[in-house]
Amino acid sequence: MNSAHEIAEADLNEAQTALEVRWADGHPSSYPLRQLRSECPCATCRSSKEEAKSNPFRVLKAGEGTPASYALTDVEPMGRYGLRLTWGDGHATGIYTFPYLREICPCAECKAARTHDDTPYVHGIYIPK
């Protein structure tokens with residue numbers, strides 16, 4: 001396995017507002033719990049996000065967006081490939097694979113690497129879309 005996708009250490013920060021991860025390649029990541037919950041990879045959350053994109057006036061489900069839904073109550077390793085996070089409202093169906101966690105790392109370095117230039121220029125020539 002790629003050391004960029006192996007966790008050396010993981011724990012909640014002292015304020016219990018972020019999951020702190022040190023990757024095997026030495027890279028540190030600090031995931032705010034609100035971000036992790038909003039990026040839940042389970043099918044239910046993915047379909048809910050798609051619905052929200054198409055219908056901004058949708059009604060929130062009971063408990064959705066409450067402080068309990070952002071509180072982390074358990075972190076369970078899933079083999080050697082990911083973590084299952086259990087949230088204060090009981091939601092626990094998302095498995096955050098190590099590659100997915102690394103992909104959503106919120107640090108400036110990782111954000112910059114994910115940002116791609118949409119400028120329609122090729123070798124200095126403007127190409128209209």
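Select Tyr-96 to start: not counting residues up to four places away in sequence, Tyr-96 touches Leu-36, Arg-37, Glu-39, Cys-40, Pro-41, Tyr-81, Gly-82, Leu-83, Leu-85, Trp-87 and Leu-101, where contact means heavy atoms within 4.5 Å. This is a predicted model, in which local features need pLDDT of at least 70 and side-chain atom pairs count only at pLDDT 80 or more, while totals for chains, interfaces and linings use all residues. Residues are numbered from 1 along each chain as its sequence is written, and side-chain values use heavy atoms, with hydrogens and water left out.

**The core.** Next, select Leu-19, Tyr-31, Leu-36, Leu-85, Trp-87, Tyr-96 and Leu-101, the residues with the most contacts inside the largest nonpolar core, which has 20 residues. Such a core is a set of buried Ala, Val, Leu, Ile, Met, Phe, Trp, Tyr and Cys residues joined through side-chain atoms within 4.5 Å. At least two core residues come from each of strand S2 (18-23), helix H1 (33-38), strand S5 (82-87) and helix H3 (98-103). Helices (H or I, at least four residues) and strands (E, at least two) are DSSP runs, numbered from the N terminus.

**Gln-35.** Stay on helix H1 and pick Gln-35. Is Gln-35 buried or exposed? Gln-35 counts as buried, at 18% relative accessibility; the cut-offs are under 20% relative accessible area for buried, over 50% for exposed, and partly exposed in between (1.4 Å probe, protein chains only). Gln-35 touches Ile-104 and Pro-106, again leaving out residues up to four places away in sequence.

**Salt bridges.** The structure holds 5 salt bridges, each a side-chain nitrogen of Lys or Arg within 4 Å of a carboxyl oxygen of Asp or Glu. Three stops follow.

- Arg-22 and Glu-9: the closest N and O atoms are 2.7 Å apart. Arg-22 is in strand S2 and Glu-9 in strand S1, 13 residues apart. Arg-22 is partly exposed, with a relative accessible area of 37%, and Glu-9 is partly exposed at 47%.
- Asp-25 and Arg-102: their side chains meet at 3.0 Å, N to O. Asp-25 lies in the loop between S2 and strand S3 (28-32) and Arg-102 in helix H3, so the pair ties together parts that are 77 residues apart in sequence. Arg-102 is buried, with a relative accessible area of 15%, whereas Asp-25 is partly exposed at 37%.
- Glu-76 and Arg-84: the closest N and O atoms are 3.5 Å apart. Glu-76 is partly exposed at 35% relative accessibility, and Arg-84 is partly exposed at 24%.
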